[in-house]
Amino acid sequence: MVLKSDEKIINLIVCGVGGQGLITLARIIGITAVKKNIKVLMSEIHGMAQRGGQVVVHIRIGKPESPLIPHGGADVIIGLELIETYRNLEYAHSNSIIIVNNRIIRPAIPKVKLPREEEILEAINATNVKLIVIDALENARKAGIPIAENMVMLGALMATEILQEYITISDIEEVITEVFPENLARKNIKALRFGYETAKQFKI
Amino acid sequence: MFRGVLAPPGTHVLLLGNEAIARGAIEAGIGFAAAYPGTPSTEIIETLGRVAGKLGIYVEWSTNEKVAFEAAYGAAISNVRSLVAMKHVGLNVAADPLMSSAYTGVRVGFVIVSADDPSMWSSQNEQDNRYYGLHAFIPVFEAYNPAEAKEVVKFAFDFSEKHKHPVIFRSTTRLSHSRGPVTLGEIPKIKSKGEYIKDAGEFTLIPQVSRKLRVKLLEKWSKIREDVNNVPFNRIEDYGSKNLIIASGMAYGYVKDALKSLKLNDQINILKIATPVPIPEKIVLKALENIEKVLIVEEIEPIVENEVKRIAFENNLNLEIHGKDYVPKRGELTIDNVANAILKFMKKENLSLPWKPLEITRKIEIPRRPPTLCPGCPHRAMFYALKKAVSKKKINPIYCGDIGCYSLGALPPFKAQDCLIEMGGSIGLANGLAHTTNQTPIAIMGDSTFFHACIPGLINAIYNDAPTLVLVLDNRTTAMTGHQPHPGTGIKVTGEKTAIIYPEKIAEGIGIKHVDVIDPYNLNESIDKIEKAIDYVVNQRKIAAIIVRRACALLISAMARRRELRSPKYQVMTEECKACGICYNLFGCPAITPKPDGKAEIIQEQCIGCSVCAQLCPFNAIKMIEKGSKGWDELWF
């Protein structure tokens, strides 16, 4: 297999709550990379995390030998939920891009105390990271497929151009067309495009 | 979607580690595979099950790991290459045939996949199954990414066949659940039929045979110890350094990446180990030539480290050897903790790691997010009914738990898994507790768990009069590992239909006099029947069994989506809601959330229309506002 050599490794963390489609998001990036002969390693937590627990997926593109990203090693954090994004900030460094879905999902703990959305966003904003805030649910609804928050977030990632050396949004669209049935693919691509357009408005 | 395992030879596809292991076995020409589901091993057999018909491989979900092991071993002594897969603790269940298989050996390639779980992402312990290799005299192979896993598994079959001996392939969560590019090879002709040739009783382990085989085993072991030096996945990377890092399995990738990040790549020699058991001694000795200092990096136990220390001692090598003094002994390895170990090893502790985690000045307290029973989960309804019945009967229960989604009943709001140690432990522990306490053991087990390891315990409880309330939570699937069929479902791994075995018939058949079947979505009837069973156990001092039958909500809601059937819609009537919080705090359904005034609200996207909250609301504030589609109710049965 032909691999590009000696490129910088790009590290992406995708985090959120089980059931939000994080693994699908990551697999689409992975399949696209492999299709283009780019080495990728990714890892995810299965099992109990699927039952509404926290999920973190590590994606490493370039020439990785191992699948996990060190703390302070993520170039981008794609957070599908605010609490989980805050929890995983240890993976970020001061130049990271953080793309966050502006939404809190309440953990099913009796009498749980929740932080406020603005509180989390302010805390992230007080650092030097490049922050992109997306209302993924609203965009996904607009695309006619409310569960496709993951595709909105993937579109937002593509808007940052961090992967442009390796893969483009049209590569991603091609893979979405291949892996989903036609009707779903169309809606997913629409959600992807909405995410892309929304994120493009942020100057980072 | 996403199917890559059967892409044409020569293409490269993104595969999950477990899919790569399955593909390696296919490329080795296996004709038989068996397993019991267990994270992180499950997708190996799922993958093989999907392609079984097409390739002509016999694949099955067995009732437990011991049976799976024996079945696959049976194949391998009748000249059919076979694979058995299980999670690490599953090998404890299969340890009996494992030990014997080394004595008899096999006739063709036989690979045992053990998927260990460092960091215990979904397990009760962190045991390192490479020890089983040392214990049983069975070689252990490891790999560091999906691409290598495919090649190593394929190689392991040839190695096994060459020595007529079983081989363990040890995966870990991080290998089994990583994805990476894999280049597919050719698929040979599959042989799924052989013959059992009867000869000198070499498979009959009576003492006089075993004594002879023990001698043979030790001879075989010395040949295997020699031959692991020829395994191509063991290799030295020589940069002319006086320092050496030895990395086993997944550790190799972390070492490579950590060295690169520390800008020490190509400056320290590396010995990559793919056969930690037995250690490739000649390669180790070669790697140790001109070396002054060694660091051994491996996950969990110091197995390679102990061997290297032995080799150094026996060969009078004056070396500084480090391992678990620098590398964590618990939890998974990561680039960071390996990099830290390397800095200590190189005496560069003054240097800091190249990654600087973000500093946040404003600390916000965020809640934990433990996994939880899904919206509409029948287990939640069951736990609610059970706790109600127990408090009405004022008994002092011991909730004896077991392994499955219902283990989550250990957490608030139910806290109803007082002791929970392993598969089958619910009724097992009740057999002791019933005799030694004046409390009432309540053994809570799942359907798949019932078939796996609960039946002998149940028979024991009848035989030895252990008054216990047995609850079999029959959600028609092995839910926790991702919905595998089991003997109660009437479906095989390939999707073919088969006989359905009913737990209530088994309970009646072994002599339990009080057997009942309840639907947990029918709350009042469930409470009532559990109360009656408690009365029976307490008054008659005998065992009672209730089968709590309702299909897994996750499974059915996915099915409803595929068939475009709408579930009934429920709504909280704001005026009638008194903000008591029973539905979202005591019942704890994640589809119900409190509004700022404490009144409840149903999140429509998450609600699956089970109706249980409407039944338990003391103010009748939750009402059905729209019926489900025709055919929705029938999906559940």
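Me: Which domains is chain B divided into?
Reply: Chain B has domain 1 (12-192 + 204-229), domain 2 (234-345), domain 3 (378-557) and domain 4 (566-636). The bounds come from an automatic or database domain assignment. This is a predicted model; local features need pLDDT of at least 70, side-chain atom pairs count only at pLDDT 80 or more, and totals for chains, interfaces and linings use all residues. Residues are numbered from 1 along each chain as its sequence is written, with chains lettered from A and ligands numbered from 1 in the order in which they are written.

Me: What separates the centres of domain 2 and domain 4 of chain B?
Reply: 57 Å, taken over C-alpha atoms.

Me: How many helices and strands in chain B?
Reply: 21 helices and 22 strands. Both are DSSP runs numbered from the N terminus: helices are H or I with at least four residues, strands are E with at least two.

Me: And what box do the C-alpha atoms of chain B fill?
Reply: Roughly 80 × 70 × 55 Å, along the principal axes.

Me: Switching to B:Ser629. Where is its place in chain B?
Reply: B:Ser629 sits in the segment after strand S22 (622-626).

Me: Is B:Ser629 exposed or partly exposed, and why?
Reply: Partly exposed, because 15 other C-beta atoms lie within 10 Å. The cut-offs, with C-beta atoms placed from the backbone: 20 or more within 10 Å is buried, 12 or fewer is exposed, in between is partly exposed.

Me: Which residues does B:Ser629 touch?
Reply: B:Leu565 and B:Arg566, leaving out residues up to four places away in sequence. Contact needs C-beta atoms, placed from the backbone, within 7 Å.

Me: On to chain A. What pattern does it follow?
Reply: β-α-β-β-β-α-β-α-β-α-α-α-α along the sequence. The radius of gyration of chain A is 16 Å, close to the 17 Å of the globule rule for 204 residues, so chain A is as compact as a globular protein of that length.

Me: How many of the residues of chain A count as buried?
Reply: 58% of the 204 residues. In chain B, buried residues make up 52% of 637.

Key
The radius of gyration is taken over C-alpha atoms; the globule rule is 2.2 Å times the number of residues to the power 0.38. Two residues are in contact if their C-beta atoms, placed from the backbone, lie within 7 Å.
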